[in-house]
Amino acid sequence: ALDCATRKDDRTLLHHQLGELYLTRQNLAAADREFRLALQLDPEFTPSRKALARLSRSGNSGPSAKAP
């Protein structure tokens, strides 16, 4: 999937959408990782910033977030 996403904006959105998918599956560690990857590509990408803030407020962000 990443090979098909050639533009930076496409890759940013792809990582964000993967993060959202992982959230729906309760895989919080993977969601955190994908949101952070999106922000590495575009530090101003608001949806990923908000998603990380939600994870952080719930105490499920960062390296200590557990995968199911």
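Biologist: Which residues of helix H2 are called buried, and what makes a residue buried?

Modeller: In H2 the buried residues are Leu28, Ala30, Ala31, Asp32, Glu34, Phe35, Ala38 and Leu39, where buried means a relative accessible area under 20%, exposed means over 50%, and partly exposed lies in between, with a 1.4 Å probe and protein chains only. The model is predicted, so local features need pLDDT of at least 70 and side-chain atom pairs count only at pLDDT 80 or more, while totals for chains, interfaces and linings use all residues. Residues are numbered from 1 along each chain as its sequence is written, and side-chain values use heavy atoms, with hydrogens and water left out.

Biologist: What makes H2 a helix, and what span is expected of it?

Modeller: Helices are DSSP runs of H or I with at least four residues, and strands are runs of E with at least two, numbered from the N terminus; H2 covers residues 28-41 and has 14 residues, so the run meets the helix cut-off. The expected span is 1.5 Å times one less than the number of residues, and H2 reaches 20 Å from its first C-alpha to its last, close to the 20 Å expected.

Biologist: Why is His15 called buried?

Modeller: His15, which is found in helix H1, has a relative accessible area of 10%, and because this falls under the 20% limit, His15 counts as buried.

Biologist: What makes the pairing of His15 with Glu34 a polar contact?

Modeller: A polar contact is a pair of N or O atoms within 3.5 Å, of which, within protein, one must be able to donate a hydrogen and the other to accept it, and residues adjacent in sequence count only if both atoms are side-chain atoms. The side chains of His15 and Glu34 come to 2.5 Å, so the distance lies within that limit.

Biologist: Why is Gly19 called buried, and which residues does Gly19 touch?

Modeller: Gly19, also found in H1, has a relative accessible area of 0%, and it is therefore buried under the 20% cut-off. Not counting residues up to four places away in sequence, Gly19 touches Ala31, Glu34 and Phe35, contact meaning heavy atoms within 4.5 Å.

Biologist: Against which helices do the buried residues of H2 pack, and how is the angle between H2 and H3 defined?

Modeller: The buried residues of H2 pack against H1 (8-24) and H3 (46-57). Angles run from 0 to 180 degrees between N-to-C directions, using axes fitted to C-alpha atoms over the stretch in contact; by that convention H2 and H3 pack at about 145°, with their axes 9 Å apart.
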